[in-house]
Amino acid sequence: MPDAVVIGAGPNGLVAANLLVDAGWSVEVLEAQEEPGGAVRSDRGVHPDYVSDLFSAFYPLAAASPVLARLDLAAEGLRWSRAPRVLAHPLLDGRCAVLERRVQDTAAGLAQFGAGDGESWENMYRTWSRVGPDLVRALFTPFPPVRAGLRLAAKLRASGGLRLARNLALPVRRLGEEEFAGEGGRLLLAGNALHADLAPEAAGSGGFGWLMSMLGQSHGFPVPVGGAGAFTAALVSRLRRRGGVLRCGERVSSVVVRGNTAVGVRTAGGETIDARRAVLADTSAPALYRDLVGEEHLPSRLLRDLERFQWDFATFKVDWALTGPVPWTAPGAAGAGTVHVADGMDGLTRFAAQIATGHVPDEPFALFGQMTTADPSRSPAGTESAWAYTHLPQHISSDAGPDHITGRWDTREQEAMADRIEAQVERFAPGFRALIGARRILAPTTLQAMDENLHRGAVNNGTTALHQQLIFRPTPGTGRPETPVKNLYLASAAAHPGGGVHGAPGANAARAALRPRALRAPFHRAQRI
């Protein structure tokens with residue numbers, strides 16, 4: 001009998017398992033898919049000479065994560081690579097907002113968009129340099145972050161804390177207007193906010209756009225050499241080397257609960273695996289509570305709160321094997337690992353408004369990855385392994401474009417949406433489509449079939465909006481990984497601090513499980529109130 005069973009071998013489940021074995025626990029990880037990694041996987045499914053990341057691809061949060069730093073994955077062979085430029089947002093007139101690897105270079109480029117904009121960017125970065133490390137530690141610490149919070153509070157007092165807090169609460173459109181005279185800096189902030197499901201006019205989108213932009217400036221948007229799967233391989237290697245057990249192709253059908261305590265799990269194959277101390281679930285919150293635990297073991301208030309749980313945007317992704325580099329009209333986009341493809345700030349607002357009203361966007365904002373630019377091992381010299389994804393409504397009411405896409409995602413609809421994304425890229429890079437040697441389409445339903453946590457392709461396991469963060473994540477409570485069932489912990493991005501590959505939800509769940517019994521009980525009880 002293992003001390004702990006971990007449901008799901010995504011990055012958070014694997015981080016949790018690693019921390020538990022480090023503490024001397026015996027751990028068994030059960031993964032429904034035939035390979036580990038969750039949304040951190042790669043393959044050669046588009047073309048045998050090209051490595052393609054199936055889901056996530058760039059990892060600024062991993063680079064900044066103190067959780068992952070302590071695991072020392074370099075000892076397991078993990079190496080990082082970075083593109084010459086971090087991120088670019090080209091415009092149709094040939095101008096390009098570029099997040100360079102050196103802050104001075106980013107500032108020089110933004111100064112061309114508006115007087116004083118370079119200085120404004122450098123001021124933003126100086127603030128980040130003072131508070132950023134403590135802010136990240138506070139975010140990635142179990143709630144409430146007492147020690148990290150005190151350090152952060154001291155730094156904030158010395159850095160105009162109230163004004164910074166106001167800026168972080170602003171919609172990113174307003175933050176950009178206050179800080180920058182020209183469009184360049186505004187686009188960098190707003191495009192980064194839309195990596196999540198935060199529209200330019202959403203409260204708090206300024207904070208998220210600032211966080212991602214400053215992480216890009218300080219850490220870049222690194223990628224694992226050889227593909228995203230190398231990141232997972234390092235976590236698995238570390239786990240197994242320390243005695244942890246990983247079983248793939250083992251779907252958990254239920255959590256065994258006796259006396260309001262999780263005592264093990266049952267698999268779809270009928271096997272019962274007892275857990276001596278804890279069960280940790282790297283699953284979505286609705287799946288854990290409704291499907292694995294069952295309503296009879298849960299307080300009625302939690303069940304009512306789950307009715308209000310909000311998923312983040314759906315996602316549609318296309319992978320390409322390109323026979324040459326992307327012919328961007330704006331030269332600044334050529335060396336960027338990540339490219340934001342949208343027609344300016346108003347294009348971003350229009351895109352987000354269409355999603356909010358249930359429409360499939362007619363001119364989708366595309367996050368475009370140039371993976372060979374970031375890591376030359378991904379494809380033969382002179383070619384590009386590339387992808388783009390865009391967001392969609394979770395529930396489609398109509399199509400703002402001409403293709404009558406309904407969300408059935410049959411072959412016709414998948415091809416039409418992929419063509420729409422390619423047409424958008426073609427506007428900014430004429431000749432792009434002529435370079436496509438092969439492509440693969442990953443519709444929302446496909447993404448969910450490959451990783452059940454990606455509900456219709458929702459990549460953050462729940463909205464990033466303020467009403468579902470901190471003590472509201474995944475439902476109003478303590479903001480901690482304990483559940484109403486004793487010895488059961490939520491270890492996925494559905495828990496605080498949410499999405500992104502940084503390992504914090506898994507680490508928080510492992511730390512909670514490792515606490516002495518007398519200190520664990522009050523948090524479990526609090527979740528039943």
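Me: In this model, where is proline 497 found?
Reply: Keep in mind that we're looking at a predicted model. The peptide bond from histidine 496 to proline 497 is cis, with omega near 5 degrees. Most peptide bonds are trans. As for its place, proline 497 sits in the loop between β21 and α18.

Me: Is serine 492 buried or exposed?
Reply: First find serine 492, in the loop between β21 (488–490) and α18 (504–514). Buried means under 20% relative accessible area. Serine 492 has 0% relative accessibility, so it counts as buried.

Me: How far is the backbone oxygen of threonine 283 from a polar atom of the side chain of serine 492?
Reply: Leaving aside neighbours within four places in sequence, serine 492 is in contact with several residues, including Asn12, Asn461, Pro505 and Thr283. With threonine 283, look at its backbone oxygen and a polar atom of the serine 492 side chain: the distance is 2.5 Å.

Me: Why are the buried residues of α4 on the same side?
Reply: Start with who they are: in helix α4 (residues 103–111), Val103, Thr106, Ala107 and Leu110 are buried. They end up on the same side of α4 because, around the axis, they cover an arc of only 100 degrees.

Me: What kind of aromatic pair do tryptophan 121 and phenylalanine 180 form?
Reply: The count for this model comes to 14 aromatic pairs. In the pair of tryptophan 121 and phenylalanine 180, the rings are 6.2 Å apart centre to centre, with 35 degrees between the planes. Planes under 30 degrees apart count as stacked and over 60 as edge-to-face, so the rest go by another name. That makes this pair tilted.

Me: How many residues apart are tryptophan 121 and phenylalanine 180?
Reply: Both of these residues are buried. Tryptophan 121 is in helix α5, while phenylalanine 180 is in the loop between α8 (172–179) and α9. The pair therefore links distant parts of the chain, 59 residues apart.

Me: Which strands each supply at least two residues of the lining of the largest cavity?
Reply: Searching the whole structure turns up 2 cavities of 30 Å³ or more, and the largest holds about 50 Å³ of space. Among its lining residues are Arg85, Val86, Gly337 and Thr338. The strands in question are β6 (85–90) and β15 (336–341).

Me: What is the phi of tryptophan 409?
Reply: Tryptophan 409 is in the loop between β19 (398–399) and α16 (411–428), and at 8% relative accessibility it counts as buried. Most residues other than glycine have a negative phi. Tryptophan 409 isn't a glycine, yet its phi is positive, at about 55 degrees.

Me: What is the relative accessible area of asparagine 487?
Reply: Asparagine 487 lies in the loop between α17 and β21, and its phi is positive too, near 65 degrees. Buried means under 20% relative accessible area. Asparagine 487 is buried, with a value of 10%.

Technical notes:
Residues numbered from 1 in each chain as written. Predicted model: local features only at pLDDT ≥ 70, side-chain atom pairs only at ≥ 80, totals over all residues. Heavy atoms only, no water. Helix = DSSP H or I, 4+ residues; strand = E, 2+ residues; numbered from the N terminus. Buried < 20%, exposed > 50% of the residue type's maximum accessible area, 1.4 Å probe, protein only. Polar contact = N/O pair within 3.5 Å; in protein donor to acceptor, adjacent residues only side chain to side chain. Contact = heavy atoms within 4.5 Å. Arc of directions from axis to C-beta. Phe/Tyr/Trp six-rings, centres within 6.5 Å; stacked < 30°, edge-to-face > 60°. 1 Å grid on protein atoms, 1.4 Å probe; cavity = no way out; pocket = protein on both sides within 12 Å on 5 of 7 lines; lining within 4 Å. Points joined across faces, edges and corners; volume = space filled by probe spheres on them.
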